[in-house]
Amino acid sequence: MNFRIDPFKHEVVVNPKYADKTWKILEHAIREIYNHKSSRLSFQQLYRYAYNMVLHGSGEKLYSGLVSTMKSLLQEMCKCIEAAYGGSFLEELNTKWIDHNKALQIIGEILLYMDRTFIPRTHKTPIRELGINLWRDNVIHSSNIQTRLLNTLLELILGERTGEVINRGLMRNTTKMLMELGSSVYQEDLEKPFIEVSSDFYGLKSQEFIERSNCGDYLKEAERCLNEEIARVSHYLDAQSEAKITNVVEKEMIANHMLRLLHMENSGLVKMLLDDKFEDLGRMYSLFYRVPNGLSMIRDAMTSHIRNTGEQLVTDPEKLKNPLEFVDSLLQKRDKYEKIISFAFNNDKTFQNAFNSSFKYFINLNPCSPEYISLFLDEKLRKGLKRVKEDDIEIVLDNVMRLFRYLQEKDLFEKYYKKHLAKRLLSGKTIFDDAESSLILKLKTECGCQFTSKLESMFTDMKTSQDAMQGFYAAHGAELGNGPMLVVQVLTACSWSTKSGITCNLPPELSVLSEKFRSYYLGKHKGRRLSWQTNMGTADLKAIFGNGQKYQLNVSTYQMCILMLFNNADCLSYKEIDQATEIPSSDLKRCLQSLACVKGKNVLRKEPTSKNIEEDDAFSVNDKFTSKLRKVKIRTVVAQKESEPEKQETRQRVEEARKPQIDAAIVRIMKSRKVLDHKNVIAEVTKQLQSRFLTNTGDIKKQLESLIEREFLERDTTDSQLYRYLNTIP
């Protein structure tokens, strides 16, 4: 069997005066709690009283009584706070706030049953929240406290900004109280006025400070203010205030003065760049980074400065006189700004791109740049890298390659580099074969194998020439005896910068030996032709002067031909030397100048004495020649850079070499696309060839017409701007 036990039912009769009597006990207890006399109270008994009131239907009386009592007590607190004088105002406010919170906690425990049952059922405000709201409405928003509190807080913040020491703990407790009263209270009662006052403060401060300081000092002050505000937020303001106050500082201290700061005389961006002010530049970058368009303004100003100074550099007549100094200046400028971008501008890619674009702009303003960069390399690879570590050699080559990448006319550089490489190889003056190979590999990686195929062929020719000479002396060494020794480099004509039609009469001893080698070589290689390039050779001569001193002279082939004439003559005129050697006039004058006019190398004597060679001059051996060295190198006096006619000739050869490249690009494009309009043909060709040279629209048009004439292409019959590729090519 199942039994159910029900509670004993009887009607409970409550004394009508019970609720009033019980409330008076609870009201007295609440007042005692606020008066710090809670130790004399029995919380268990008080809890039971509150419990019974709710249980017997007096929850409304208990709740309304609590509200009215707390209001009364808070109004008394408010009077005490208002009575506080000066600096004790905030202290009193914080003390009363702490007391109120402690009282709320105790009251909440006593009225726990009401808080958990009656309040949720009747949708009333919970005790804790009720106490917060009553504090807000009766204390913080009272007419005598609200404005005074705001003014006190703002005055303390202003004092701290001007160097005063304030009680940050007290400030933190006060702002924390406002935040506990609700985000809207904090925002309306403190944050909004704080932001408005700060905007006025920093607006005035920035105007005053910028008038009496330079750019670097102003940026330091702006950075200090920004950091100070961030620290202020972390110490006693809400974290969400940070973005708002930093925006104020950024706007008033930075954004409103960017142009003036950038162009400030004797201290702005340009002055910082010139003086390598890495710290100031880094500070400017980090501050301008925080405001809209800040970095673009720095970047534009930097670009303008680099272009202007770069243009001055590449057009400076003094710099242009010396190719080595010219390239050194370019490298120094590039290194300078790469360091600035790396250390001051956080290695910003947009700044790197702007710098590269600027460098590319001004380096190509000087049509001599390709030649000068090649001359710089020539000097380094001849002797400039002696006693330099391998890693440092790579650094030099990498630096030059960075300049090379800026060149638009890379094919012009190739011409000059091939010419200078030929001289190094033929004179035996390249001292770093590994460096030469490394550079060619870098060029190959940058521009492709077509760019370096002829350069690589030059090294191949040098190797095969050694093999040819070994074979020649193995076959004819016995019959040659102790006569002159001949070393021949056999060069592939299409790979070397050779000149055709140059004649020079060799001394009889060498002429016979040269013919023997010709016969030997052509016998080994049927169908080939040999053309002597005497302008590219060197010779070692043994010389004995009047004082009996013996020297070994290292000279060019032309100089050797001149000096050998004096074995059979004491004095020769310019015209006699010219007729005997048939050396081209310009080369002959330079050779004679190097032999007779260079101090310490003047193995010949010239009459009359002067620095220039004239056709009426006479020459004889300088019997008084002496030198500390037994081996004397006599270089031909040559212009390190090309003369204007030589430059024009080189450019004409380059432009002729470009035509088949433009043709090939057009055919590749049209073969792939079949039909293409004129505008797109120009764009595609320019894009394909930009790694070698900057194409001219007029040159592309000429080659289009040439291809039409040769029936590679045809114009559309209805649209003259449209080209069609012809599949059948005669």
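In which helix do Phe 355 and Phe 359 both lie, and how many residues apart are they? The close-up views below, taken from a predicted model, begin with this pair.

**View 1. Phe 355 and Phe 359 within helix α18.** Both residues belong to helix α18, which spans residues 349-363, and they are four residues apart, about one turn of the helix. The structure holds 26 aromatic pairs; in the one formed by Phe 355 and Phe 359, the ring centres are 5.4 Å apart and the planes meet at 65°, so the pair is edge-to-face. Phe 355 is buried, as is Phe 359.

**View 2. The pair of Phe 404 and Phe 451.** These two rings are also arranged edge-to-face, with 5.9 Å from centre to centre and 65° between the planes. Phe 404 is part of helix α20 (residues 390-406), whereas Phe 451 is part of helix α23 (residues 449-480), so the pair ties together parts that are 47 residues apart in sequence. Phe 404 has a relative accessibility of 1% and counts as buried because the cut-off for that class is under 20%; Phe 451 is likewise buried, its relative accessible area being 1%.

**View 3. An aromatic cluster that includes Phe 355 and Phe 359.** Tyr 337, Phe 355, Phe 359, Phe 362 and Tyr 406 together make up one aromatic cluster. Over the face of one of these residues, Tyr 337, lies Lys 336, at 5.9 Å from the ring centre.

**View 4. Lys 410 over the ring of Phe 404.** The charged end of Lys 410 is placed over the Phe 404 ring, at 5.6 Å from its centre, and this Phe 404 is the residue that pairs edge-to-face with Phe 451.

Conventions. Residues are numbered from 1 along each chain as its sequence is written. This is a predicted model: local features need pLDDT of at least 70, side-chain atom pairs count only at pLDDT 80 or more; totals for chains, interfaces and linings use all residues. Side-chain values use heavy atoms; hydrogens and water are left out. Rings of Phe, Tyr and Trp (its six-membered ring) pair if their centres lie within 6.5 Å; planes under 30 degrees apart count as stacked, over 60 as edge-to-face and the rest as tilted. Helices (H or I, at least four residues) and strands (E, at least two) are DSSP runs, numbered from the N terminus. Buried means under 20% relative accessible area, exposed over 50%, partly exposed in between (1.4 Å probe, protein chains only). A charge sits over a ring if NZ of Lys or CZ of Arg is within 6 Å of the ring centre and within 35 degrees of the ring normal.
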